[in-house]
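Here is a quick look at a protein model, starting from one side-chain pair and zooming out from there. Have the viewer open while you read.

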Amino acid sequence: MGDCVEKITTFSKGLLKNEELYKYILETSVYPREPQPLKELREATAPHPWAFMATAPDAGQAIEMVLKLTNAKKTIEIGVFTGYSLLLTALSIPEDGKIIAIDPDREYYEIGFPIIRRAGVEHKIDFIESQALPVLDKLLEDHENEGSLDFAFVDADKGNYKNYHERLMKLLKVGGVVVYDNTLWEGTVALPEKLMEEGRKKEVRKNIVELNKALATDSRIQICVAPLGDGITICRRIF
């Protein structure tokens with residue numbers, strides 16, 4: 001079963017057109033360092049029809065490094081799905097670290113929850129079953145929450161990414177980091193809009209293109225776009 005799962009998860013993510021090269025990266029640098037609980041969660045997610053929504057392991061490896069480099073302790077995650085990135089964060093932050101995890105559908109989170117519990121990091125997670133904007137607005141009602149977060153990860157409804165960004169710029173401390181997932185949208189951001197077929201994929205592409213333009217001109221942040229997984233954009237708040 002393990003070989004089958006590896007095959008499923010190897011090529012469901014990634015912008016590289018050469019599948020063998022992507023497989024090489026995963027098998028050489030990513031999978032050998034992937035903690036056992038993350039591997040278990042990845043394999044538990046793989047048979048799900050929406051497994052493509054999970055954070056790509058190579059992107060996860062980069063996120064782990066950011067968490068360690070910034071010594072993140074207080075974090076927030078918008079969009080959880082089965083919890084791969086959530087578990088990764090929980091394993092990376094200190095024992096007394098905390099994660100506010102927001103998702104409107106607890107059902108998917110329940111797939112990964114037994115693995116999270118066995119990993120001994122359940123106590124770090126405050127899972128809130130809700131749309132994200134009301135939770136963020138509620139946090140901002142308490143001025144003590146402004147500048148209180150070290151790290152944020154966003155992998156949710158793309159149409160609200162810019163709304164999330166404005167709120168996270170208030171919640172993150174100066175020097176804090178937010179990572180946005182899917183910012184290259186299968187490479188379609190580089191295609192002329194007229195070549196895109198009508199439908200959800202085209203609409204999401206429009207949202208991502210607008211987000212990328214906004215982030216590129218936002219003087220409050222430093223940014224780095226990395227072609228990992230489906231593209232991640234790392235933003236560091238500088239004031």
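In this predicted model, the side chains of T233 and T183 make a polar contact at 2.9 Å. So where does T233 sit? It is part of strand 7, which covers residues 232-237. Is T233 buried or exposed? Its relative accessibility is 1%, and the cut-off for buried is under 20%, so T233 counts as buried.

Skipping sequence neighbours within four places, the contacts of T233 are V178, V179, Y180, T183, N212, L215, I223, C224 and V225.

Now for the whole chain. The protein has nine helices and seven strands, and 49% of its 239 residues count as buried. How does the radius of gyration fit a compact globule? For 239 residues, such a globule would come out near 18 Å; the protein has 17 Å, so the two agree.

Contacts across the sequence matter for the count too: among those with a separation of 6 or more, 68% join residues 24 or more positions apart.

A few overall values, side by side:

| Quantity for the protein | Value |
|---|---|
| C-alpha trace span along principal axes | about 50 × 50 × 30 Å |
| Accessible surface | about 11900 Å² |
| Separation of mean positive and mean negative charge positions | 4 Å |

Carbon and sulfur atoms own 53% of that accessible surface.

Key
Residues numbered from 1 in each chain as written. Predicted model: local features only at pLDDT ≥ 70, side-chain atom pairs only at ≥ 80, totals over all residues. Heavy atoms only, no water. Helix = DSSP H or I, 4+ residues; strand = E, 2+ residues; numbered from the N terminus. Rg over C-alpha atoms; globule rule 2.2 N^0.38 Å. Buried < 20%, exposed > 50% of the residue type's maximum accessible area, 1.4 Å probe, protein only. Contact = heavy atoms within 4.5 Å. Areas by Shrake-Rupley, 256 points an atom, 1.4 Å probe, with all protein chains shown as cover. Lys, Arg positive; Asp, Glu negative; His and termini not counted. Charge placed at Lys NZ, Arg CZ, Asp CG, Glu CD. Polar contact = N/O pair within 3.5 Å; in protein donor to acceptor, adjacent residues only side chain to side chain.
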